[in-house]
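I opened a new page for this structure.

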Amino acid sequence: MKAVTDASFAEDVLLSKKPVLVDFWAEWCAPCKKVSPVLAELAQELGDKIEIVKLDIDANPAIARDYKIMSAPTLTIFKGGQAVQSMIGAHPKSKIAAFIESSI
């Protein structure tokens, strides 16, 4: 999964031709570590429909602030440069997959 930053966010996420799921995560976040391998699997399975990227909220505070990210992990789907749906916390793969499918 690609890591995005404050500097690359507009190009990688907002200007993407495909929908993008952004995993807003932090190094200290235990649930984030559980979600990461699930997102990696989903990125392989659904890569033709959606881009899945990670943004470290501690290293990139501007974007986290702009999108009012208060909890990690927060999974937000962007389409056409807009945040369209978010899910907070660690969830089973089936629930995350359903969340993605409902948004693309």
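**Disulfide.** I took a disulfide to be a pair of cysteine sulfur atoms within 2.5 Å. By that rule I counted one disulfide. Cysteine 29 and cysteine 32 form it, with their sulfur atoms 2.3 Å apart. The link of cysteine 29 and cysteine 32 is right-handed, with 85° about the S-S bond.

**Ground rules.** I noted that this is a predicted model, where local features need pLDDT of at least 70, side-chain atom pairs count only at pLDDT 80 or more, and totals for chains, interfaces and linings use all residues. Residues are numbered from 1 along each chain as its sequence is written, and side-chain values use heavy atoms, with hydrogens and water left out.

**Buried or exposed?** I checked cysteine 29 and cysteine 32 next. Buried means under 20% relative accessible area, exposed over 50%, and partly exposed in between (1.4 Å probe, protein chains only). Cysteine 29 counts as buried because its relative accessibility is 2%. Cysteine 32 also counts as buried, at 3%.

**Sheet.** Helices (H or I, at least four residues) and strands (E, at least two) are DSSP runs, numbered from the N terminus. Two strands pair if DSSP finds at least two bridges between them. I traced five strands in an open sheet, in the order β1-β3-β2-β4-β5, with mixed pairing. β1 (2-3) and β5 stand at the edges, each with a single partner strand, so one side of each has no neighbour in the sheet.

I then followed β2 to β4: they run antiparallel, joined by five bridges. Valine 20 stands opposite phenylalanine 78 in β4.

**Helices on the sheet.** Contact means heavy atoms within 4.5 Å. Axes are lines fitted to C-alpha atoms, for helices over the stretch in contact, and angles run from 0 to 180 degrees between N-to-C directions. Helix α2 (residues 30-46) packs on the sheet and touches β2, β3 and β4; its direction makes about 155° with that of β3. Helix α4 (residues 93-103) packs on the sheet too, touching β2, β3, β4 and β5, at about 165° to the direction of β5.

**Hairpin.** β4 (residues 74-79) and β5 (residues 82-88) pair in the antiparallel sense over six bridges. Two residues lie between them in a hairpin, and glycine 80 in the turn has a positive phi of about 55°.

**Cores.** A nonpolar core is a set of buried Ala, Val, Leu, Ile, Met, Phe, Trp, Tyr and Cys residues joined through side-chain atoms within 4.5 Å. The largest has 18 residues; Phe9, Val13, Val22, Phe24, Leu55 and Ile57 touch the most other members. Its largest share, four residues, comes from β2. A second, separate core of 15 residues includes Leu21, Val38, Leu42 and Leu75.
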